[in-house]
Amino acid sequence: MKFDFKNRGFVVITLSAMLIAVGVINYQLSKQSALTVSKEFEAYEQAQQDKNTDKDSNKNSNTSNNDKNTDNQSETAQITVVDSKDSENDKIKEKATETSKQIEEQLTSKENMNKSTYVLDMKMTREKQRNDLSEELNEIINNPSTTDKSREEASNMKLQLVKYQETELKIENLLSAKGFENALVYIGEDNVNVVVNKEDLTKSEAAKIFDLVSEQTGVSYDKIKLMNSYNQK
C-alpha cells in the first residue's frame, strides 16, 4: 500500500489551521472574560468606596450631631441648675420675709392687743409660724435635688431661727425679772419688736428696755420698736 504524501500534507495543513483558529478563538474568549471580570471588579471597588464614603459621612454627621446635642444638653443642664439654684434661694428668702411680715402684722395689731389673751396668742402664733417655716426649710434640706448652696442657706436659716427663739425667751425672762411681766419679744430679719404691759412706762424704763434688747441682739436702737399693750385696753 502506498502512502499518499499529498493527502498527508493536506491533513497536516488542515489540522494546523484548525489549531490556529481554536487558539485565536480561545484568546478572544479569554480576553473578553478578563475584560468582563476587570469591569466587574472595578464596579465592586467603586461600590465599596461609595459605601465607605457614606459610612464616613454618616459617622461624621452623627458625631457632629452628637457633639451638638451634648453641647445643647450641657448648656440646658447649666441653665437648669442656675434657674433651680436661683429659684430655691428666692423661695427661702421670700418665705422667711413673708413669715416675718405676718408675725409683725399680728403682733402690732391694735385689735389683737385689746384681747386679754394677747400675749399668749401672739406667742403661740410666733411659734406656729416659725415651726411652719422650719418644716419648709427641712423639705429643702432633705430634697436630693437641692443644690449645695441652697441646702447650706436653708440650714443656716434654720439655725438662725433657733437662735432667735432662744434670744427672745432670754430677753422676756430678763424683762420679767425687771418687773415687766408678760413681755413679748419678736426678732425679725433686721429689727426687734418688744411689747410690755405697764400702766406707767417711764422714759427711764423705756431706755433700760432699749439697752437690754440692743445688748442681747446686737440691733441698733433705731431698729427696736417698743410698744405698751396696757394703753390699748
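Helices (H or I, at least four residues) and strands (E, at least two) are DSSP runs, numbered from the N terminus. By this assignment the protein chain holds five helices and three strands. Along the sequence they follow the pattern α-α-α-α-β-β-α-β. The model is predicted: local features need pLDDT of at least 70, side-chain atom pairs count only at pLDDT 80 or more, and totals for chains, interfaces and linings use all residues. Residues are numbered from 1 along each chain as its sequence is written, and side-chain values use heavy atoms, with hydrogens and water left out.

Of the 233 residues of the protein chain, 26% count as buried (under 20% relative accessible area; exposed is over 50%, partly exposed in between; 1.4 Å probe, protein chains only). Contact means heavy atoms within 4.5 Å. Among contacts between residues at least 6 apart in sequence, 66% join residues at least 24 apart.

Two packed helices are described by the angle between their axes and the distance between the axes. Axes are lines fitted to C-alpha atoms, for helices over the stretch in contact, and angles run from 0 to 180 degrees between N-to-C directions. Helix α3 (residues 118–142) and helix α4 (residues 148–177) have axes that come within 9 Å and cross at roughly 160°. The two are therefore roughly antiparallel (over 145 degrees; under 35 is roughly parallel, 65 to 115 roughly perpendicular, the rest oblique). Residues of this contact include Leu 133, Leu 137 and Ile 141 of α3 and Ala 154, Met 157 and Leu 161 of α4. By class, the contact of α3 with α4 has eight nonpolar, five polar and eight charged residues. Ala, Val, Leu, Ile, Met, Phe, Trp, Tyr, Cys and Pro count as nonpolar, Asp, Glu, Lys and Arg as charged, and the others, Gly among them, as polar.

Helix α4 also packs on helix α5 (residues 203–217), at an angle of about 150° and with the axes 10 Å apart. This pair, too, is therefore roughly antiparallel. Thr 167, Lys 170, Ile 171, Leu 174 and Leu 175 of α4 meet Ile 209, Leu 212, Val 213, Gln 216 and Thr 217 of α5. Six of these residues are nonpolar, three polar and one charged.

Strands β1 (residues 184–187) and β2 (residues 192–196) run antiparallel and are joined by four bridges (pairing requires at least two DSSP bridges). They form a hairpin with four residues between them. Val 185 stands opposite Val 194 in β2. From β1, Leu 184 and Tyr 186 point one way, Val 185 and Ile 187 the other, and all are buried.
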